[in-house]
Amino acid sequence: MRIGLIAGNGTFPFLVLDAARRLGHHVTIVAVQEEAFPELNSAAAHEPQADITWLSLGQLSTCIETFRAAGVTQAVMAGQVKHVKIFSGIVPDRLLLSVLLRLRARNTDALISAVADVMRDHGIELLDSTAFLTPLLARAGCLSARRPTGQEEVDLAFGYRMADAVAGLDIGQTLAVKDAAVVAVEAMEGTDEVIARAGRLAGPGTRIVKVAKPNQDMRFDVPVIGLATIEAMRQAGATVLSVDAGKALVFDLDELIRAADAGGIAVVGRDSSGPRA
């Protein structure tokens with residue numbers, strides 16, 4: 001089968017490309033030129049070669065035409081597209097403009113859901129973006145050598161309530177807490193910047209809670225952590241990181257845990273399968 005890959009920044013697109021190839025799929029890449037790494041060109045050139053087209057964020061029609069010309073009927077979004085760019089840095093083509101004009105709310109979920117609907121209307125189904133990477137989903141329990149202390153557990157329980165509420169409003173998915181107080185809330189700036197801000201505001205000892213939305217659409221905006229997350233925490237003096245098991249991707253797990261252990265950072269996967277508080 002030929003799979004379409006809409007590539008944003010980070011290693012996510014590279015992992016999807018490799019995984020799809022291992023499963024015997026041919027891949028056609030549409031790389032977001034404002035975000036995707038240039039190294040994607042050389043990755044695409046490896047055997048079996050993947051077609052790659054670089055497009056601006058606003059070129060929805062050309063994206064669909066590229067996939068249809070390649071015979072793509074299923075596609076995956078992988079890699080971050082900074083939310084601020086979605087709403088302030090693009091020149092929409094006529095098709096995307098029609099989508100924007102119909103939106104009742106200009107949040108990420110509303111926009112990407114509408115784009116997914118348009119793609120389906122043109123015969124392209126957007127898949128769960130973890131479809132090829134399920135082994136990388138966070139598992140439940142403590143992932144690091146150090147377990148959270150009692151006070152950190154209290155802060156996590158507090159943070160879950162706050163983060164779930166914020167994520168349910170599609171404001172952001174990351175929250176920093178300390179001593180049962182909210183220090184910083186993510187909006188469009190991204191996780192690493194929230195962690196850095198929390199460190200500036202509250203100093204060492206913040207806990208980072210990253211959650212999936214209550215009705216997380218796994219086709220896009222799936223929570224991701226990697227080595228950069230741990231490095232941001234180390235610089236900010238944050239002591240605990242929690243992600244939702246089965247709903248967040250963990251890149252470079254072994255290296256991530258080694259870095260967390262070296263920094264005395266506890267990493268846990270919350271079992272979020274039951275009702276949320």
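In this predicted model, strand β11 (residues 240–244) and β13 pair in the parallel sense over 5 bridges, where two strands count as paired if DSSP finds at least two bridges between them, and where helices (H or I, at least four residues) and strands (E, at least two) are DSSP runs numbered from the N terminus. Residues are numbered from 1 along each chain as its sequence is written, and side-chain values use heavy atoms, with hydrogens and water left out. Because the model is predicted, local features need pLDDT of at least 70 and side-chain atom pairs count only at pLDDT 80 or more, whereas totals for chains, interfaces and linings use all residues.

**The open sheet**

- The strands β11 and β13 belong to an open sheet of 6 strands, which runs in the order β6-β13-β11-β9-β7-β8 and has mixed pairing.
- Its edge strands, each of which pairs on one side only, are β6 (141–142) and β8 (181–185).
- Helix α8 (residues 191–202) packs on this sheet and touches β7 (174–178), β8 and β9 (207–210), contact being defined as heavy atoms within 4.5 Å.
- The direction of α8 makes about 135° with that of β8, given that axes are lines fitted to C-alpha atoms, for helices over the stretch in contact, and that angles run from 0 to 180 degrees between N-to-C directions.
- β6 pairs with strand β13 (residues 266–270) in the antiparallel sense over 2 bridges, and C142 has V268 of β13 as its bridge partner.
- β9 and β11 pair in the parallel sense over 3 bridges, with R207 standing opposite V240 in β11.

**Nonpolar cores**

- In soluble globular proteins, nonpolar side chains tend to be buried together.
- The largest nonpolar core has 27 residues, and those with the most contacts inside it are F67, L96 and M119; such a core is a set of buried Ala, Val, Leu, Ile, Met, Phe, Trp, Tyr and Cys residues joined through side-chain atoms within 4.5 Å.
- At least two residues of this core come from each of β2 (26–32), α3 (60–70), β4 (74–78), α5 (94–102) and α6 (108–121), and the largest share, 7 residues, is that of α6.
- Not counting residues up to four places away in sequence, F67 touches G4, L5, I6, T28, V30, V72, A75, M119 and I124.
- A second, separate core of 26 residues includes I29, A43, A78 and L133.

**The surroundings of V16**

- V16 lies in helix α1 (residues 12–22) and counts as buried, at 2% relative accessibility.
- Leaving aside neighbours within four places in sequence, V16 is in contact with L5, V76, A78, S129, F132 and L133.
- The C-alpha atoms of V16 and C63, which are 47 residues apart along the chain, are separated by 18 Å.

**The chain as a whole**

- The protein chain contains 10 helices and 13 strands.
- Its radius of gyration is 19 Å, close to the 19 Å that the globule rule gives for 277 residues, so the chain is as compact as a globular protein of that length; the radius is taken over C-alpha atoms, and the rule is 2.2 Å times the number of residues to the power 0.38.
- Along its principal axes, the C-alpha trace spans about 55 × 40 × 35 Å.
- Of the 277 residues of the protein chain, 51% count as buried.
- Among contacts between residues at least 6 apart in sequence, 73% join residues at least 24 apart.

Conventions:
Buried < 20%, exposed > 50% of the residue type's maximum accessible area, 1.4 Å probe, protein only.
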